[in-house]
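Student: I have a model open here and would like to go through its fold. Can we take it piece by piece?

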Amino acid sequence: MTRFSFELAATEGRARTGTIHTPRGDIRTPAFMPVGTAATVKAMMPESVAATGADILLGNTYHLMLRPTAERIDRLGGLHKFMNWDKPILTDSGGFQVMSLAALRKLTEKGVTFKSHIDGSRHEITPERSMEIQKLLGSDIVMCFDECPALPADKARIAESMRLSMRWAERSRDAFGDRPGHALFGIQQGGLEEDLRAESAEALTQIGFDGYAVGGLAVGEGQEAMFGCLDFAPEQLPQDKPRYLMGVGKPDDIVGAVARGIDMMDCVLPSRSGRTGQVFTRHGVLNIKNARHQDDPRPIDDACTCPACTNYSRAYLHHVFRSQEMISSMLLTWHNLHYFQQIMGEMRAAIAAGTFTQWQADFHANRADGDIEQL
């Protein structure tokens with residue numbers, strides 16, 4: 001069996017391009033992972049997600065353990081078969097959703113007990129249980145169990161949380177064991193504090209992981225603060241392993257993260273925005289619900305090759321969104337995911353060619369131009 005490995009092909013500044021090799025296929029980096037929260041990327045067929053250029057999906061441990069349960073998915077052949085996706089899947093640990101969604105949660109050294117946001121049933125996640133759930137799901141990349149404190153928080157609270165996460169990371173590593181073909185990623189914590197991030201990175205490196213995530217960002221701190229943290233956090237992690245920025249983000253967040261040494265990202269934004277009529281293009285963001293589009297026969301973007309742009313007009317897309325037709329969510333989500341993957345492909349090519357700095361300048365200039373003039 002092919003073992004999990006990471007091959008770095010080229011760099012420009014701190015930006016990197018390479019390939020993550022897994023038994024289920026290669027992941028080209030920088031990589032954007034669409035989020036399949038409940039074993040589905042909302043409004044998309046799995047083959048449609050693949051057609052946008054996605055090499056890997058993210059599944060949510062918290063949601064899947066509650067419904068339909070990891071044990072049921074395991075009995076039905078694992079998450080890949082269950083959702084008809086034969087490429088790699090990364091599952092998060094469940095920690096962030098427990099902290100943000102669960103009711104009446106209680107945090108101890110052992111783990112977290114909480115009540116389900118669905119039916120109020122009581123559950124417990126420990127590092128060991130998180131590893132068990134993710135093994136039952138059969139994901140290719142497993143995340144260690146951690147606590148993610150909301151920002152802002154005082155430094156003492158951030159330090160306490162980070163050190164608990166590091167103890168949980170060691171327990172996660174022990175519980176994960178030796179699973180050829182599968183990978184376990186550690187998660188760096190420490191808020192926006194450089195010294196705490198360094199302490200976390202050192203602890204994770206000593207434990208030893210197949211990849212490393214920068215956690216605890218994109219939780220309301222703002223882009224300037226996030227980029228300030230990314231100016232040092234990725235460089236504290238091993239150079240020869242993939243680096244994953246969790247929960248990011250908008251197109252300019254993604255480009256800025258790649259410029260600072262990030263290899264993998266995920267976000268619900270392309271699909272969630274598609275369902276609310278927000279469309280990402282090379283000229284910025286537009287809202288298809290706006291009346292300016294109702295008589296416009298032009299595509300969203302005449303340079304885009306997605307089905308929404310090649311087959312439908314702005315007027316039609318405005319109409320089906322206003323009429324609350326399901327095809328609206330399908331087409332706009334497809335477009336957004338296609339655009340995000342197009343950005344990733346262009347960045348990979350630019351880094352390999354040594355033209356990433358110029359590509360960044362062109363990317364920002366095009367977005368600053370704004371949408372095409374109204375007819």
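Tutor: Start with strand β4 (residues 31-36) and strand β14 (residues 264-267), which pair in the parallel sense over four bridges. Strands here are DSSP runs of E, at least two residues, helices are runs of H or I, at least four residues, and both are numbered from the N terminus. Two strands pair if DSSP finds at least two bridges between them. This is a predicted model, where local features need pLDDT of at least 70 and side-chain atom pairs count only at pLDDT 80 or more, while totals for chains, interfaces and linings use all residues. Residues are numbered from 1 along each chain as its sequence is written, and side-chain values use heavy atoms, with hydrogens and water left out.

Student: What is the bridge partner of Pro34 in β14?

Tutor: Cys267.

Student: Which strands make up the closed barrel?

Tutor: Eight strands close it, in the order β4-β5-β6-β10-β11-β12-β13-β14, with parallel pairing. From one strand to the next the twist averages 30 degrees.

Student: Which helix packs on the sheet, touching β4 and β14?

Tutor: Helix α14 (residues 326-353) does, and its direction makes about 155 degrees with that of β4. Such angles run from 0 to 180 degrees between N-to-C directions, with axes fitted as lines to C-alpha atoms, for helices over the stretch in contact. Contact means heavy atoms within 4.5 Å.

Student: How do the axes of α14 and α15 cross?

Tutor: The axes of α14 and helix α15 (residues 356-369) come within 8 Å and cross at roughly 150 degrees. That makes the two helices roughly antiparallel, a label for angles over 145 degrees, with under 35 being roughly parallel, 65 to 115 roughly perpendicular and the rest oblique.

Student: Which residues make the contact?

Tutor: On α14 they are Tyr339, Ile343, Glu346, Met347, Ala350 and Ile351, and on α15 Phe356, Trp359, Phe363 and Arg367.

Student: Switching topic. Where does Arg179 lie, and is it buried or exposed?

Tutor: Arg179 is in the loop between α7 (155-176) and β11 (183-188). Arg179 is buried, with a relative accessible area of 11%; buried means under 20%, exposed over 50%, and partly exposed in between, using a 1.4 Å probe and protein chains only. Leaving aside neighbours within four places in sequence, Arg179 is in contact with Lys135, Ser139 and Val142.

Student: Why is α10 called largely enclosed?

Tutor: Because seven of the nine residues of helix α10 (residues 251-259) are buried. Among them are Pro251, Asp253 and Ile254. Just after α10, Gly261 takes a positive phi of about 100 degrees.

Student: And the nonpolar core, which residues touch the most other members?

Tutor: In the largest core, of 95 residues, they are Leu90, Ile141, Leu230, Tyr244, Leu245, Met265 and Met347. A nonpolar core is a set of buried Ala, Val, Leu, Ile, Met, Phe, Trp, Tyr and Cys residues joined through side-chain atoms within 4.5 Å. A second, separate core of twelve residues includes Val279, Leu286, Cys306 and Phe321.

Student: Last one: what order do the strands of the open sheet take?

Tutor: The order is β1-β2-β3, with antiparallel pairing. β1 (5-12) and β3 (25-29) each have a single partner strand, so one side of each is left without a neighbour in the sheet. Seven bridges join β1 to strand β2 (residues 15-22), and Glu7 stands opposite Thr19 in β2.
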